[in-house]
Amino acid sequence: MSLGQRWLEAAYRGDAWLLALRPLEALYRRAVSRRAAAYATGSKPVWRAPVPVIVVGNITLGGTGKSPLVAWLGHFLAARGWRPGIVSRGYGGRAGSYPLRVEETTAVAECGDEPRMLFDQTGLPLVVDPDRPRGAGRLVEAGCDILISDDGLQHLALGRDLELVVVDGQRGFGNGRCLPAGPLREPLSRLEGVDAVVINGEPAFTPPEGAHGMALVPAGWRHLASGERRPMAPLPFAGPVHAVAGIGHPGRFLATLEGLGVEATLHPFADHHDFRGGDLAFDDGRPVVMTAKDAIKCRGLAPPDSWVLEVAARPDTGFVAWFEARLKTFGPPPGASRGEAGR
C-alpha cells in the first residue's frame with residue numbers, strides 16, 4: 001500500500017495523528033473559500049453553455065461510484081430523446097492537443113482510464129479537456145443538446161444547471177475534515193448548495209436530509225482477452241481468484257466479490273494505477289478478476305484466465321422521479337421539439 005493510500009485510510013478512520021495537520025487544513029479551507037468567491041463575484045469568468053449542464057462529482061477523495069452514475073444518466077437521457085455528451089478532465093491521460101474527442105481508436109494513455117471506460121459503456125460523444133468550458137464547447141459544436149460533466153464539482157469555470165454529489169455509503173465523509181487533515185475536497189457545508197446527494201450503497205452514517213440512494217449492481221462477466229460475455233451465474237471460473245483493483249476504494253470491489261460468493265485475494269493499487277505486466281504475474285494459476293476501469297489498461301498484460309466484473313448504477317425510484325421532474329424544467333429535448341413541429 002502506497003503512502004497516499006495509507007494516509008487516505010487514516011483520514012477515513014479519523015486517526016489521531018491527523019490533528020497535527022489542522023493548521024494546514026485551515027489554510028486549505030481559506031484557499032477553497034477564496035476561489036469559490038472569485039467565481040461567484042465574477043473575478044474569475046464562468047462560461048455558460050447554451051445547453052443544460054449536469055455536473056456529477058464528489059467532495060471526498062477516493063472512489064464513490066460517480067462514473068457508473070454518469071453512464072446511467074447518459075443512457076437515461078438518450079432514451080428520452082436528448083443528445084447527451086460527456087466532458088471529462090481525463091485524469092491520467094496525456095494527449096498531444098486538446099480538446100480530445102474520444103473515438104474507438106483513442107488510446108487510454110491519451111484520454112485516461114475513466115473517459116475510455118465511459119465511452120465504451122455508453123457510446124456517447126465524449127471530450128477530454130483540462131479546460132472544461134473549451135471541452136464542453138466542442139460537444140455543443142458536435143450537436144449535443146445536454147452535457148454531463150464527469151467529476152466536475154470543483155471545476156467552477158464551467159457553469160452548471162444541476163449539481164449531483166455521490167457519496168460512498170460505507171466510508172461517508174471520513175473524519176469530516178478537509179485536506180490534508182481529512183478526505184474532504186470541500187467543507188461539508190458545500191452540500192447545502194448542491195441539487196442532490198446520492199448515497200452509493202447502504203449508509204454507515206446519518207445521510208444528509210433528502211439524500212437519495214443508489215446501488216452498484218453486478219451486471220455480468222466479460223472475458224478480458226476475447227470480450228466474451230457471461231451471465232452472473234454460474235461463475236465463469238472455479239476456485240479462489242486474484243482480485244486486482246486500481247480504483248479509489250478497492251475494498252468495495254472485494255466486498256462485491258464476496259457478496260457473489262467469490263473467494264478472492266485482493267491486490268489493491270493506487271487509483272488510476274498504470275499497470276505493468278509484473279503487477280499481474282501470479283504463479284499459482286488462479287483466475288484474475290478486475291473492474292471495468294482497470295480492464296481498460298490491462299488488455300494484453302493479464303493472464304489468459306482473466307475476467308472483468310461489469311457493474312451498473314441503479315438509483316432509487318425517488319431519485320429517478322426527482323431527476324425526471326428536473327429534466328422537465330429544461331423543456332423538451334430540442335430534437336423532439338423539431339420532430340413535433342414537423343408533424
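**View A. L254 is in contact with A264 and L266, once its neighbours within four places in sequence are left aside.** Contact means that heavy atoms lie within 4.5 Å. This is a predicted model, in which local features need pLDDT of at least 70 and side-chain atom pairs count only at pLDDT 80 or more, whereas totals for chains, interfaces and linings use all residues. Residues are numbered from 1 along each chain as its sequence is written, and side-chain values use heavy atoms, with hydrogens and water left out. L254 lies in helix α7. Helices (H or I, at least four residues) and strands (E, at least two) are DSSP runs, numbered from the N terminus. L254 has a relative accessible area of 19% and is therefore buried. Buried means under 20% relative accessible area, exposed means over 50%, and partly exposed is in between, for a 1.4 Å probe and protein chains only. The C-alpha atoms of L254 and T105 are 31 Å apart in space, and the two residues are 149 apart in sequence.

**View B. Helix α7 covers residues 250-259.** Its buried residues are P250, R252, F253, L254 and L257. An α-helix has 3.6 residues a turn, so residues three or four places apart point the same way. After α7 comes G261, with a positive phi near 85 degrees.

**View C. The buried residues of helix α6 pack against β2, β4 (126-128) and β5.** Helix α6 runs over residues 132-141, and its buried residues are R132, P133, G135, A136, G137 and L139. Just after α6, G143 has a positive phi of about 105 degrees.

**View D. Helices α3 (residues 66-79) and α5 (residues 113-122) cross at roughly 35 degrees, and their axes come within 10 Å.** Axes are lines fitted to C-alpha atoms, for helices over the stretch in contact, and angles run from 0 to 180 degrees between N-to-C directions. The crossing of α3 and α5 is right-handed. A crossing is right-handed if the near helix is turned clockwise from the far one by less than a right angle, and left-handed if anticlockwise. On the α3 side the contact is made by K66, S67, V70, A71 and H75, and on the α5 side by E114, M117, L118, Q121 and T122. These residues divide into 4 nonpolar, 4 polar and 2 charged. Ala, Val, Leu, Ile, Met, Phe, Trp, Tyr, Cys and Pro count as nonpolar, Asp, Glu, Lys and Arg as charged, and the others, Gly among them, as polar.

**View E. The aromatic pairs in the model come to 9.** The rings of F173 and F205 form an edge-to-face pair, because their centres are 5.5 Å apart and their planes are at 65 degrees. F173 lies in the loop between β6 and β7 (196-200), and F205 in the loop between β7 and β8 (212-223), so the pair ties together parts that are 32 residues apart in sequence. Rings of Phe, Tyr and Trp (its six-membered ring) pair if their centres lie within 6.5 Å; planes under 30 degrees apart count as stacked, over 60 as edge-to-face and the rest as tilted. F173 is buried, with a relative accessible area of 11%.

**View F. One aromatic cluster is formed by W72, F76, F319, W322 and F323.** R80 lies over the face of F76, at 3.5 Å from the ring centre. Elsewhere, the charged end of R171 sits over the ring of Y12, 4.2 Å from the centre of that ring. A charge sits over a ring if NZ of Lys or CZ of Arg is within 6 Å of the ring centre and within 35 degrees of the ring normal.

**View G. L224 lies in the loop between β8 and β9.** With a relative accessible area of 9%, L224 is buried. Not counting residues up to four places away in sequence, L224 touches M290, A295, C298, R299, A302, S306, W307 and V308. The C-alpha atoms of L224 and Y12 are separated by 33 Å, and these residues are 212 apart along the chain.

**View H. The peptide bonds from Y98 to P99 and from A233 to P234 are cis.** P99 is in the loop between β2 (84-88) and β3 (100-101), and P234 is in the loop between β9 (229-230) and β10 (241-245).

**View I. D151 has a positive phi although it is not a glycine, and so does H272.** The value is about 55 degrees for D151, which lies in the loop between β5 (146-150) and β6 (162-168). For H272 phi is about 65 degrees, and H272 lies in the loop between β11 (264-268) and β12 (288-291).
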